[in-house]
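Here is a short note to read with the model open beside you. Take the points in order and find each element as it comes up.

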Amino acid sequence: MSFSVGQVARLAGVTVRTLHHYDELGLLSPSERSGAGYRRYAEADLERLQQVLFYRELGFGLEEIAAILDDPASDEMTHLRRQHELLTLRIGRLRDMVAAVEIAMEARSRNIALTPEERFEVFGDFRPEEHEAEAERRWGGGEEYAESRRRVAAYTKADWLQLQAEGAGIVADLVAAMKAGLPADAEQVMDLAERHRGYISRWFYPCTPAIHRGLGQLYVSDPRFTATFEAMAPGLAAYLCAAVEANAARL
């Protein structure tokens, strides 16, 4: 059974001109000719066309596709495995793009008062709005959550830089205390935990000792928070949690 160029064009969703172009390049030449000299495509030609279109969709150039398909070491299963791997990677990239668009939409809805350049300067790869859904799930009905949203929406670049500098200073002092071997319930370390509580109260929402204790538990129970602290110093998440607990107990 063979097919005319028009039939193949309709089946594959391409133009007749495209098929002629593929033939001229030697990428896909029909196996047969009719008595009148017209192109006729066999089933094997359609299978090759399917491979061509797969690789085109994946962004390969025509010369690259010809080299891939004409490689004597490759068979149909090799092509399918390669295409599966490439499609899986593309799906992952598309998911990342969708997530980025959703993050941008959420950021716009929160009216964070930074230009794109300022956002890169202040946050780098970190995007505070990425944690918005989790924060809303946990605390969305509370006054603290509403207060944090209100404050953050008004922050300027200078505010964010000051906020980050203050937070980094507290973390640096905690790491130094931990490396010096001070126990988490030492007065100096509890004072650092109190500085941390005051930092949250100044920049985000009134942080009571009870709320602070809950945050400390979150730092060790949520892998995302734990990873952030562990990247600064191994054991820091648990150390801060213990310091928060000790400080809350003495207040």
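1. Start with a term. Two strands pair if DSSP finds at least two bridges between them. Keep in mind, too, that this is a predicted model.

2. Look at how strand 1 meets strand 3 (residues 39-42). The two run antiparallel and are joined by 3 bridges. For a landmark, find S4: R40 in strand 3 stands opposite S4.

3. Next, helix 9 (residues 157-179). How far does helix 9 reach from its first C-alpha to its last? The span is 33 Å for 23 residues, close to the 33 Å expected at 1.5 Å a residue. After helix 9 comes G181, with a positive phi near 85 degrees.

4. Which residues of helix 9 are buried? They are W160, L163, G167, I170, V171, L174, V175, A177 and M178.

5. Nonpolar side chains tend to be buried together in soluble globular proteins. Here, the largest nonpolar core has 32 residues. L174, I200, F204 and L236 have the most contacts inside this core. Helix 9, helix 10 (187-203), helix 11 (209-221) and helix 13 (236-250) each supply at least two of its residues. Helix 9 gives the largest share, 8 residues.

6. Zoom in on L236. Which residues does L236 contact, leaving aside its neighbours within four places in sequence? The contacts are V171, L174, V175, M178, F229 and E230. Of these, V171, L174, V175 and M178 are among the buried residues of helix 9.

7. Last, the cysteines. How many disulfides does the structure hold? The count is 0. C207 has a relative accessible area of 3%, so it is buried. C241 is at 8% relative accessibility and therefore counts as buried. The cut-off for buried is under 20%.

Technical notes: Residues are numbered from 1 along each chain as its sequence is written. This is a predicted model: local features need pLDDT of at least 70, side-chain atom pairs count only at pLDDT 80 or more; totals for chains, interfaces and linings use all residues. Side-chain values use heavy atoms; hydrogens and water are left out. Helices (H or I, at least four residues) and strands (E, at least two) are DSSP runs, numbered from the N terminus. The expected span of a helix is 1.5 Å times one less than its number of residues. Buried means under 20% relative accessible area, exposed over 50%, partly exposed in between (1.4 Å probe, protein chains only). A nonpolar core is a set of buried Ala, Val, Leu, Ile, Met, Phe, Trp, Tyr and Cys residues joined through side-chain atoms within 4.5 Å. Contact means heavy atoms within 4.5 Å. A disulfide is a pair of cysteine sulfur atoms within 2.5 Å.
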